[in-house]
Amino acid sequence: MAAPAADSVRPAPTTSSAIRSTPGVIPILIGGETEELTDSFVGPIAVHAAESLRYTRFFASASAIDSKYGTSEVSLREAELKRAFNRVARELVLCIDSSKLEQQSTAAGFALEEVSVLITELAPTDPRLDAFRDLVELR
């Protein structure tokens, strides 16, 4: 018997089309209005759709991350949608590039206590991650 396909729920049409050709992955678009700064779906339809499923892991990006204030996003609606996904996920994995470290954006996102793992392109031992070392698992 073939292994079941993995579902990938995507808040943006651009990432959905990028994974469409991945064998065994079925992209699910959540719908809603689009956030013009990020091209992600946002708003009440997107939030409702995100909360109607359950996730083992929520892999999230962020516009910025600060070791004191946590993550932040370009808009309140973007932050609201990511919080909706996280409410129904068992684990939050944050994937960001190092240019976003110790930065802040417009809307509050996640407190670092909510983040299980922080993934960047840096080696986990890189000194630029020192401020986060005792707060989250680094990979």
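Two strands are taken to pair if DSSP finds at least two bridges between them. Strands themselves are DSSP runs (E, at least two residues), as helices are (H or I, at least four residues), and both are numbered from the N terminus. By that rule strand β7 (residues 70-73) and β9 pair in the antiparallel sense over 2 bridges, with Glu73 opposite Ala107 in β9.

The structure is a predicted model, in which local features need pLDDT of at least 70 and side-chain atom pairs count only at pLDDT 80 or more, while totals for chains, interfaces and linings use all residues. Residues are numbered from 1 along each chain as its sequence is written, and side-chain values use heavy atoms, with hydrogens and water left out.

The chain contains 3 helices and 11 strands, which follow the pattern β-α-β-β-β-α-β-β-β-α-β-β-β-β along the sequence. Of its 139 residues, 40% are buried, where buried means under 20% relative accessible area, exposed over 50%, and partly exposed in between (1.4 Å probe, protein chains only). The accessible surface of the chain comes to about 7900 Å², and carbon and sulfur atoms hold 54% of that surface; such areas come from the Shrake-Rupley method with a 1.4 Å probe, and for residues only the protein chains shown count as cover. Contact means heavy atoms within 4.5 Å. Among contacts between residues at least 6 apart in sequence, 59% join residues at least 24 apart.

Strands of a sheet pair through backbone hydrogen bonds, either parallel or antiparallel. The β7-β9 pairing belongs to an open sheet of 3 strands in the order β6-β7-β9, with antiparallel pairing. Its edge strands are β6 (64-66) and β9, each of which pairs on one side only. Strand β5 (residues 55-60) is joined to β8 by 5 bridges and runs parallel with β8; here Phe58 has Leu92 as its bridge partner. Strands β8 and β10 also run parallel, joined by 3 bridges, and Cys95 is partnered with Ile119 in β10.

Ile96 counts as buried because its relative accessible area is 6%. Its contacts, leaving aside neighbours within four places in sequence, are Ser61, Ala62, Ile65, Leu101, Leu118, Ile119, Thr120 and Glu121. The C-alpha atoms of Ile96 and Ser61 are 5.6 Å apart, although 35 residues separate the two along the chain.

Thr120, one of the contacts of Ile96, sits in the loop between β10 (117-119) and β11 (137-138). Its relative accessibility is 11%, so Thr120 is buried. Beyond four places in sequence, Thr120 touches Ile96, Leu129 and Arg139. A polar atom of the Thr120 side chain lies 3.0 Å from the backbone nitrogen of Leu122.

Ser98 lies in the loop between β8 and β9, and is buried because its relative accessibility is 19%. Not counting residues up to four places away in sequence, Ser98 touches Glu121, Leu122 and Arg128. The side chains of Ser98 and Glu121 form a polar contact of 2.5 Å. A polar contact is a pair of N or O atoms within 3.5 Å; within protein, one must be able to donate a hydrogen and the other to accept it, and residues adjacent in sequence count only if both atoms are side-chain atoms.
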